[in-house]
Amino acid sequence: MQPFDRAYEGRGAFASATRPPITTRYLPFARSVASYTRPRLRTDLVAGVTVAALALPSAMAYAELAGVPVSAGLYALLLPVLAYAVLGSAPRVVVGPEGTVSLLIATVVAPLAAGASAQYAALASLLAIMVGVVFLAARLARLGWIADYFSQAVLVGYITGVAVVLILGQLGKLLGISSDAEGAIPETIDIVGHLGTANGATVLVGLVSLALLVVAGRISKRLPGALAVVVLGIAASWALDLVAHGVSVTGPVPQGLPSLELPDVSRADLGTLVVAALAVFLVAFSDSILTARSFAARHHEIVDANQELLAFGVAQISAGVTQSIPVGTSGSRTAVNDDMGATSQVSGLAAAGTIAVILLFLTAPIEYLPSAVLGAVIVYAAAKLIDPVQWRELARSSRVEVVIAAITVVCVVAVGVLQAIIVAVLLSVADIVRRAARPADAVLGWSARDDRYVDVADQPDAGVSAGVVVYRIQDRLFFANAHYFKRRLWAAVDGAPKPVRHVVLDGSFISDLDASAEVALREVLDGLRERNIELHVARAAQELRDRLDSVGLVEAVGADHFHGTVTAAVEACTH
């Protein structure tokens, strides 16, 4: 046997990185622009301007969706973007007004204030500040792991449901029909019932806008088709006097940059928005971290979830003090930013600078923009949120996950976006419990072909030793699966060739056990002894053995019944 080095004596097995300077630890932007080059600058600037061209119409559309002036959507592309650019750990992520968040804003604020009023806008800004506070509180508590507990099935279902609600919510704008009904389905039914009152000019503007968006998207995803449609819509509205034909337009947009001020609200308003702030936090953070991680993986980068909490906290508060709305991550604009070759958040700075120039010098034409054009932009963007590939992946993974996703869609559409978040959280928890309560397990046999113990269900010809059952459960043991463990172990014993004299528990996957699992293991031990069967434990990690020892189970099982390998355990049973 070759000699071994005592490489870990006196130190841990995992590297502990030297703490970086505070400037790069809390300001990832400083790290991303280290050794910055002119070619990178040129690439990032072009990407930033392109993203700004895409963000401009989207921000105005989502502001209208949220029920605030379009200027509030544009303001969200300034200071919040700068804040994330400096503090965010994902160098290519694009933040700004986003459909899901905007729909939540409208759902929450609409019952509290009249639409398009100063109070409505103030409450939306207050919500942004409160969301930011939740983000910062989560950062202080280091709750970045929260994002890991939204299952993919729930997220796919939630986003799909939101997309459906977004599309249904724009029918009125595309048809020129107003409705006082509340809820996506009642409103849609009301609009369909009044199709005879649709405005022809509005319908034509909406259809042409959608057609142009589809064509532009087919040509190239880099092409700012939404911006082109907005420009053409403004030009057509001005030249053809569409207002005179009954087409609704955006109206005047204030020129200049926003001032820094706190929203003018009462203390009572704080209490009414607490639940909404938590809901926006959950949706915005889970969506942002998934988007950031997916794009970071393409470049072999790592996203710091806790740093993202800090970045979004500051970004949300920045939105609130600049008369804007809560922001989220734009997957579509992030994809364009990445496709354009962006290497850092310099592209974000360039995008914010471009929007600032527009606000300073080019706001006058925006007042002619037809609302139907913005509705078309939202419908087109929402349709792209429905990803058939993700649904097919869920179907390949598990039918149960498809059912969970479908239930989430129905809840979003039928119950409401805000209430559906609660359902989504409960479904995520239920999915976690479902998986933990029925972990994978196996009866093992020896495979001469693989030279190891394998699942006899996979290799029915695997050899088993007479009188010995080798059972493996592939998860920690705790209250949720303790009874399942007992039931399956007894099923393995009852299904084995008789007589059974020994049971070997492969503990390689058992990382820990709680009080319920301890009771279950004692019951199994007692039951085996009543049948004159001995229990052996193989491949138990030191942490597990220490835990078993602390509760007296090592003594109960017998110290000589613990073995380093399954092979050693079986040999002990047969000799």
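Start by selecting Ala90, which sits in the loop between helix 5 (79-87) and strand 1 (95-96). Helices (H or I, at least four residues) and strands (E, at least two) are DSSP runs, numbered from the N terminus. You are looking at a predicted model, where local features need pLDDT of at least 70, side-chain atom pairs count only at pLDDT 80 or more, and totals for chains, interfaces and linings use all residues. Residues are numbered from 1 along each chain as its sequence is written, and side-chain values use heavy atoms, with hydrogens and water left out.

Is Ala90 buried or exposed? Ala90 is buried, because its relative accessible area is 3%; buried means under 20%, exposed over 50% and partly exposed in between (1.4 Å probe, protein chains only). Now show its contacts (heavy atoms within 4.5 Å). Leaving aside neighbours within four places in sequence, Ala90 touches Tyr84, Ala292, Val303, Glu308 and Gln345.

Next, select Gln170, in the loop between helix 8 (152-169) and helix 9 (171-175). Gln170 counts as buried because its relative accessibility is 1%. Beyond neighbours within four places in sequence, Gln170 is in contact with Leu65, Gly375, Ile378 and Val379.

Finally, go to Glu543 in helix 24. Glu543 is exposed, because its relative accessible area is 58%.
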